[in-house]
Amino acid sequence: MISLNVNNQNYSVEVDPATPLLWVLRDILGLTGTKYGCGIEVCGACTVMIDGQREHSCVFDVSSAAGKKVVTIEGLSVDASHPAQQAWIKHQVPQCGYCQPGMIMACASAMKAGHYGNEILSEMKHICICGTYSRIKDAVREL
Amino acid sequence: MTMTTYTSTLPADEIVATLATQKLNRRGFLKFSANGLALAFALPMIGRSDDANAAITTQDLANAYIHISPNGTITLAFGGAEMGQGSMSGLAQILAEELMVDWTQISVAQALANPVISYTTGGSSAVSRRYTTLRTAGAAARELLVAAAMQETGDSNRDNFKADNAKIVYLPDTEIWWEYGELASAAAGMTLPADLRLTNPANFRLIGKPLPRVDIPAKVDGSAKFGIDIWFPGMVFAAIKHCPTIGGTLKSMPAKPSGAIAVVACTASNTRGSVIAGSKNAVAVVASNTWLASRLAKKMSVSWSLPVSTANVDSAQILTYAQGQLGSGVALIAEPLPPAGYTPQSFAPVIEADVAKAIGTPTLDATYTVPYLAHATMEVLNCTVSIVYSGTTPVSCEIWAPTQSATAVATNAALLTQLPASAITVHTTFLGGGLGRKIEQDYIWQAIEVAMAVRKPVKLTWMREEDFGHDQYRPLALTRVKAKLAGGKIQAWSYRTVSQSITAQRGRLKAGSIDSQAIEGAIHLPYELGNYLVEWVPLDTGVPVGYWRSVGASINSFAVESMMDELAKTAAIDPFTFRYNHLKSEDARALATLQAADLLSSSWRKQLPAGHAWGVAISQAFGTWVCEVVEISQPAVGSLRVHRVDCVVDCGTVINPASVEAQMQGSILHGLNATLWGEAVFKAGIATKLNFNSNRVMRVSEMPTVRVHIIPSTNPPSGIGEPGVPPLAPALANAYARLSGIRIRKLPFFANATMGGI
């Protein structure tokens, strides 16, 4: 049994300890806001915060998350009120929307670290195929 | 911010069942009372992606409806696919306009997709080709509500009633008014008047406004459900493992690995469910979670049978073969049309000789090459299937799929399960990108097979390596253009393109006929080309090919607009001026688009910093003109920095300018990725670039500044999802030639190009 705290809720899961956190969130806990994109920590779709740090959940063993505070897109705010979420709505950023939870989590964690504007953008190595980059720039630069 | 909402359930699912059985009246409507007013109608079915030559057809059964409930809820049932292009919102925007309701007063529901109500999303057609139908439907619902108010007052003078803000107001006494909901049930019994009083476009309140999209709130908080997000307790998870070699089949069934729930052999499904007789080309491993299933699949040893021909699926071999076909393959003439008494075949030698004579020694003779390309939608292919059994007999089948063609999903489910259509339910989820790949049915077919084998609800997922390695790729193409210049004008033009036909590979191209998609972007050019011909040589290879955003236009515009630039340089004429000098007088929209791009970019082009250069290209696809002007620099050898792209678009009447802008921004990124790095490579039957570490794509910090200018227009709306892609590649190549003197005629640009950042 592995004990997890996700979005301030405690869970116990019985799973191979080497299972990436991403798949525990998605397939076992049913928290599907965190996305699978590449499985090799390149695209960033799986980004979550673990003890406030940005992590690629696709390569983060679930056993290593035990005892830590995991925040996913579902737990970033209760009502989409996080400034990054509000900026994303204001600038109508998402197209297909699939990469956006990862983008927003990366942005939120960079904000938490006290970063701004271009600094945040340079840190976001995430992949979007729809081409929302233009609007992400607009959204991030006003945060 | 308030906005209209997206709901995942319909107010009255029984409406869909009713639609299945009743025909529309001769005016194209079916109205009935269903807890309020339901007005059903038929949105045109678009066959663009199914069949190269399909026209829009209308049908006598409804596939959409508006529902107005007694409590005033107004819902548009949406039967298409929302994959980021905004059509779910665009359709509601058109309806709200004529219904005289505010944007916050209408909801959009994804219809429970079934063969009745769903349609294929493709061809940049979702909104533009349904504009008139939706306006008419909105107006019809409004006039039925007015008729109900007329009955209540006993006043039959239509001019005494005004529909406004979801109310009908009685003008002689404005104290008398009704909410739409109050009239909805009575409206269902009214007769549709002859005059539907369509709104004068000059008075539009909503059409043409940048309204917020309905699907965006759910896409910032993790609540939007894509296909891959379908989850319920008790379901099992499957990962697919294809024969790594394209064309290979399963030799023997592998043993079930320890830890797996099952291993299921899956049928090789060429596209859209047409099956290669009896063969299996993949196995699915079923386990308690997707990661476990994929790990077991990866480690499992499977023996495959590899026909000798699979070795021919090889990039180097295919290129050699295509070069041979470019020289000596039998061509079909696409333009000019054969005169009476000739077939495309018999006309070929005649026009070829004629144009060859006019060209003599060509001024320029260049061959342009574009590679196979993968789609790489961010959401990998996946499908969830739940089949209910009575004993060993299937009773019902429910499917959740990120699909551009729910109709095809339902058809395949009926084929496999042998269930009647009424026992099959298909939910179209949000699509994490479609790009043409999710029209295909291979992943759907596999998921149904797995669900039938394990008799449990199952979600089948393709890991990213399977997604890149078993795509239906954008075809490779080689194009040779020969042109004769004299006095700065093109006197003759010979255009010969060799490419694989998507339609032919699916067995739907009549022998000896031209695949219209293979030549789009090469014909109906806006230029005077003197004595000219456009010919296509079909190429038959084992690489599975499919529809990639903008299809043939992405191939041909690169050759046409690169050659135009090369000719301008040879003639020592400015690229804009050279194009103006060749525009046909009847192509006023091309001229206006080019002029607007010229004007938009003129100030920065005049003040370019040292080491910077610009390039321009224009093209028309799906009825929409797009001109792009790019600015680049090269900080170091092998690197490139794209600073800006100015984009001018004429897509006729604009429904939502913010959506047009988003589609242009997206198309430009799509074009940049393809031009700079995009290439699917095959070695002895195996795709070699299988994840994003070997398929470079642009990051946010590298994105150029994009400005989009939309030409105001009262022409009918045309597509916006794809037409922004084709001009990017030639505009970039033209800029690079100006910068470096090096003409890039083979894409991708340079495989290891690095990008400058912010």
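1. Helix 4 of chain A lies across strand 3 (47-50) and strand 4 of chain A, at about 35 degrees to strand 3 of chain A. Contact here means that the C-beta atoms of two residues, placed from the backbone, lie within 7 Å. Angles run from 0 to 180 degrees between N-to-C directions, and axes are lines fitted to C-alpha atoms, for helices over the stretch in contact. Helices (H or I, at least four residues) and strands (E, at least two) are DSSP runs, numbered from the N terminus.

2. The model is a predicted one, in which local features need pLDDT of at least 70, side-chain atom pairs count only at pLDDT 80 or more, and totals for chains, interfaces and linings use all residues. Residues are numbered from 1 along each chain as its sequence is written, while chains are lettered from A and ligands numbered from 1 in the order in which they are written.

3. Chain A has an open sheet of 5 strands in the order 2-1-5-3-4, with mixed pairing. Strand 2 (9-13) and strand 4 (53-56) of chain A are at the edges with a single partner strand each, so one side of each has no neighbour in the sheet. The twist averages 40 degrees from one strand to the next. Two strands pair if DSSP finds at least two bridges between them. Strand 1 (residues 2-6) and strand 5 (residues 69-71) of chain A pair in the parallel sense over 2 bridges; A:Asn5 has A:Lys69 of strand 5 as its bridge partner.

4. Chain A is assigned domain 1 (2-73) and domain 2 (83-141); the bounds come from an automatic or database domain assignment. Their C-alpha centres lie 20 Å apart. In the contact, 15 residues of domain 1 of chain A meet 12 residues of domain 2 of chain A. On the domain 1 side, strand 3 and strand 4 of chain A each supply at least two residues, and strand 3 of chain A gives the most, with 3 residues. That side of domain 1 divides into 6 nonpolar, 7 polar and 2 charged residues. Ala, Val, Leu, Ile, Met, Phe, Trp, Tyr, Cys and Pro count as nonpolar, Asp, Glu, Lys and Arg as charged, and the others, Gly among them, as polar.

5. The contact between the chains takes 47 residues from chain A and 50 residues from chain B. Helix 6 of chain A gives the most to the chain A side, with 4 residues. By class, the chain A side has 26 nonpolar, 16 polar and 5 charged residues.

6. In chain B, an open sheet of 3 strands has the order 8-9-10 and antiparallel pairing. Strand 8 (161-164) and strand 10 (177-179) of chain B are the edge strands. Strand 8 is joined to strand 9 (residues 167-170) of chain B by 4 bridges, and B:Asp164 has B:Lys167 of strand 9 as its bridge partner. Helix 3 (residues 131-153) of chain B packs on this sheet and touches strand 8, strand 9 and strand 10 of chain B; its direction makes about 135 degrees with that of strand 8 of chain B. Helix 4 (residues 180-187) of chain B lies across strand 9 and strand 10 of chain B, at about 85 degrees to strand 10 of chain B.
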